[in-house]
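Visitor: I'm new to this one, so please take me through it slowly.

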Amino acid sequence: MNLKLRLEKLCDSRSWARLHFSDGTTLTGRVLRIGHDYVEIESYGEGDKPFNSEFSKNLVPLNLVKFITIESNSFAEAERRRLDYLSHLDPNADTLPDLER
């Protein structure tokens, strides 16, 4: 199964994945959308920087992705950071991500 097909399956279930790049860096987040030549992923900070838990959406060209990790122990911690981020939002504001409505 090629990388794009696997990412499409992850996108359907809004699963967590870790994208690994050729330079050794990674990006952990939930797969939102797969385009012709890109993947959109939302992340809530990096595991190696626990005090920097900023929400971000990333568009990553598929040709930069070397491989993906589907199951990882750190995904539970990433989900906790996501829920913590959502809990700090103003409950009266309409700022929740589309998937949380």
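Guide: One word is needed before anything else: a residue is called buried under 20% relative accessible area, exposed over 50% and partly exposed in between, using a 1.4 Å probe and protein chains only. This is a predicted model, in which local features need pLDDT of at least 70 and side-chain atom pairs count only at pLDDT 80 or more, while totals for chains, interfaces and linings use all residues. Residues are numbered from 1 along each chain as its sequence is written, and side-chain values use heavy atoms, with hydrogens and water left out.

Visitor: Okay, so is Glu40 buried or exposed?

Guide: Glu40 is buried, since its relative accessible area is 9%, and this residue is found in strand E3. Strands (E, at least two residues) and helices (H or I, at least four) are DSSP runs, numbered from the N terminus.

Visitor: What does Glu40 touch?

Guide: Leaving aside residues up to four places away in sequence, Glu40 touches Arg30, Val31, Leu32, Arg33, Lys57, Asn58 and Leu59, where contact means heavy atoms within 4.5 Å. The side chains of Glu40 and Arg33 are also joined by a polar contact of 2.5 Å. That term stands for a pair of N or O atoms within 3.5 Å; within protein, one must be able to donate a hydrogen and the other to accept it, and residues adjacent in sequence count only if both atoms are side-chain atoms.

Visitor: In what order do the strands sit in the sheet?

Guide: The order is E4-E3-E2-E1-E5, five strands in an open sheet with antiparallel pairing; two strands pair if DSSP finds at least two bridges between them. Strand E4 (55–61) and strand E5 (65–69) are at the edges with a single partner strand each, so one side of each has no neighbour in the sheet. On average, and with direction ignored, neighbouring strands are turned by 45° against each other; the axes behind such angles are lines fitted to C-alpha atoms, for helices over the stretch in contact, and angles run from 0 to 180 degrees between N-to-C directions.

Visitor: Changing topic: where does helix H1 lie?

Guide: H1 (residues 3–13) lies across strand E1 (16–21), strand E2 (26–34) and E5, running at about 75° to E2. Leu7, Leu10 and Cys11 are buried in H1, and they cover an arc of only 105° around the axis, which puts them on the same side of H1; the arc is that of the directions from the helix axis to the C-beta atoms. The buried residues of H1 pack against E1, E2 and E5.

Visitor: What is at the ends of H1?

Guide: Asn2 caps the N-terminal end, with a side-chain oxygen 3.3 Å from the backbone nitrogen of Lys4. Just after H1 comes Arg14, with a positive phi of about 55°, although Arg14 is not a glycine. Most residues other than glycine have a negative phi.

Visitor: Last one: how many aromatic pairs does a search of the whole structure find?

Guide: The search finds one. The ring centres of Phe55 and Tyr85 are 5.3 Å apart and their planes are at 20°, so the pair is stacked. Rings of Phe, Tyr and Trp (its six-membered ring) pair if their centres lie within 6.5 Å, and planes under 30 degrees apart count as stacked, over 60 as edge-to-face and the rest as tilted. Phe55 lies in strand E4 and Tyr85 in helix H2 (residues 74–87), so the pair ties together parts that are 30 residues apart in sequence. Phe55 is partly exposed at 26% relative accessibility, and Tyr85 is partly exposed at 26%.
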